[in-house]
Amino acid sequence: MGFMKYRRQLPLLRPVPERVADWRDVYQRVEERVIHEQSSRCMNCGVPYCHNGCPLGNLIPDWNDLVRVGDWERAADALHATNNFPEFTGRLCPAPCEAACVLGIGDDPVTIKQVEVEIINRLTDDGPLRPFTVPARSGRSVAVVGSGPAGMAAAQQLARAGHAVTVYERNDAVGGLLRYGIPDFKLEKRHIDLRAAQLAAEGVEFVTSCEVGVDVSLAELRERHDAVVLACGALDPRDVPSTPGRELAGIHQAMVYLEGANRVVAGSLDTPPIDAAGLNVIVVGGGDTAADCLGTAHRQGAASVQLVEVAPLPPPRRDGGRDPWPTWPTMLRSGSAHEEGGERNFGCAVRRFIGDDEGRLRAVELVDVLVGPGFTLSEVEGTVREVPADLALLAIGFGGTQPGPHLAQAKLTRNGRGTIDAGADWQTEAPGVFVAGDARRGPSLIVWAIAEGRSAAAAVHQYLGDGGRLPAPVTPASMPLSAR
């Protein structure tokens, strides 16, 4: 009955002046008393819709109740039963489970993410993550291309089933987008290192600085291994080539900017290739990547930062007519980076980039817009204005998985969405080559990446014919909860 006694209480952020001076996690640790209270707000529903909101099917009422009574070890077991990496999802997932929480119909939902991350925090406080003991080896081998959440989930599931797994990663360290695309103030990289160490102890081999299609062909991997899983993400960036002035110096893709900054934090670079220090920054886009650019620019000492987003200002709360419970609602969300400063421009677009005599960006011309059917934009008369800008970052999403020779080597092509098609068994048109995560689904949530990695691993295990079944929380046809 905790929902009748306690109000929803989120974890506290470190003070803004303190956290913008470093790259550490922005959140403070939470007292155990608070976590007990928050977990006790779970109503243990007869039909827990949080299961449906999360594609992993997390056993949320189970581990909420175990935390309520202080059984952290069994709570961790229940958490890991469906989710390989709760330390990632608890920090990075926007929590569709909370949007589907039954308590949220008439009250504030349970702080599911907060409880989740505190369970795994207490487990890692005790040291390295304990590896799973594999009873017998199958004699089969699988190559996984990409070490993001989908690839790592597939690799861990297959290794625990007894298969020899090799993960190929083009960067110099594992983690995929989590490593160099997500700033440390949202995900400190020690969490990736702890989990990678567990996978290595379970028999997963990591081959880094190896780009499949260049350093080793996909055809070679298919010859070496009994199956291949493509989990290479969806990092083909969208651009604005038709916007006047796009060719000016000082305009960059957001992920290029973030990778350079994150490599400095990691110690592999001395100075960022793109530095916002003292500059007026414009971030085109309003999603998570834009917020990551905002927080990064703050820490680099930008003079000013403005976010430009074509979507109109969302409502402050769920609109039950448009987004009824338990679907994911469109509403105004503010992260830690927004609290740190900067200006958000909704219903706004860049008309043109303006340069100086040396071909460098000096300003952008903005205009308010209305969004019509088919995402057509119409300008609002009398709203054109010029804003100083020395650096512009394009954070307008991704157009699918990146093209490359690896696809041609397997006679695979990207579909109209820029992704790789798979059948009901997660297998591509190339026999023995499977695909999972953003490379198949397109840019999506980390929980969907892990769910697809687990499900593709189950399909590979069945393809290898070793008997038994692995958990498969989703199918290629699975979609988020929707009212439409």
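This is a predicted model: local features need pLDDT of at least 70, side-chain atom pairs count only at pLDDT 80 or more; totals for chains, interfaces and linings use all residues.
Residues are numbered from 1 along each chain as its sequence is written, and side-chain values use heavy atoms, with hydrogens and water left out. Local features need pLDDT of at least 70 and side-chain atom pairs count only at pLDDT 80 or more, while totals for chains, interfaces and linings use all residues.

The second largest pocket holds about 580 Å³ of space. A pocket here is an open set of points on a 1 Å grid over the protein atoms alone, where a 1.4 Å probe fits, with protein on both sides within 12 Å along at least five of seven lines; lining residues have an atom within 4 Å of a point. Grid points are joined across faces, edges and corners, and the volume is the space filled by probe spheres set on them. The lining has 24 residues, and the closest to the pocket centre are Asp 77, His 80, Arg 130, Arg 160 and Gln 198. Helix 6 (72–80), helix 10 (149–160) and helix 12 (190–201) each give two or more residues to this lining; helix 6 gives the most, with 4 residues. Helices (H or I, at least four residues) and strands (E, at least two) are DSSP runs numbered from the N terminus. By type, the lining divides into 10 nonpolar, 7 polar and 7 charged residues. Ala, Val, Leu, Ile, Met, Phe, Trp, Tyr, Cys and Pro count as nonpolar, Asp, Glu, Lys and Arg as charged, and the others, Gly among them, as polar.

The cysteines come next. A disulfide is a pair of cysteine sulfur atoms within 2.5 Å, and the count comes to 0. For Cys 45, the closest cysteine sulfur is in Cys 42, 6.2 Å away, which is too far for a bond. Cys 54 is in no disulfide either, with the sulfur of Cys 97 nearest at 6.0 Å. Cys 54 is buried at 5% relative accessibility, whereas Cys 45, at 22%, is partly exposed. Buried means under 20% relative accessible area, exposed over 50%, and partly exposed in between (1.4 Å probe, protein chains only).

Strand 6 (residues 280–284) has 4 of its 5 residues buried. Strands pair if DSSP finds at least two bridges between them. Strand 6 runs parallel to strand 7 (residues 304–308), joined by 5 bridges, and Val 281 stands opposite Val 305. From strand 6 the chain passes through helix 15 (residues 288–300) to strand 7 in a right-handed β-α-β crossover: with the strands pointing away from the viewer, the path from the first strand over the helix to the second runs clockwise. Strand 6 is also parallel to strand 13 (residues 391–394), through 4 bridges, and there Val 284 has Leu 394 as its bridge partner.
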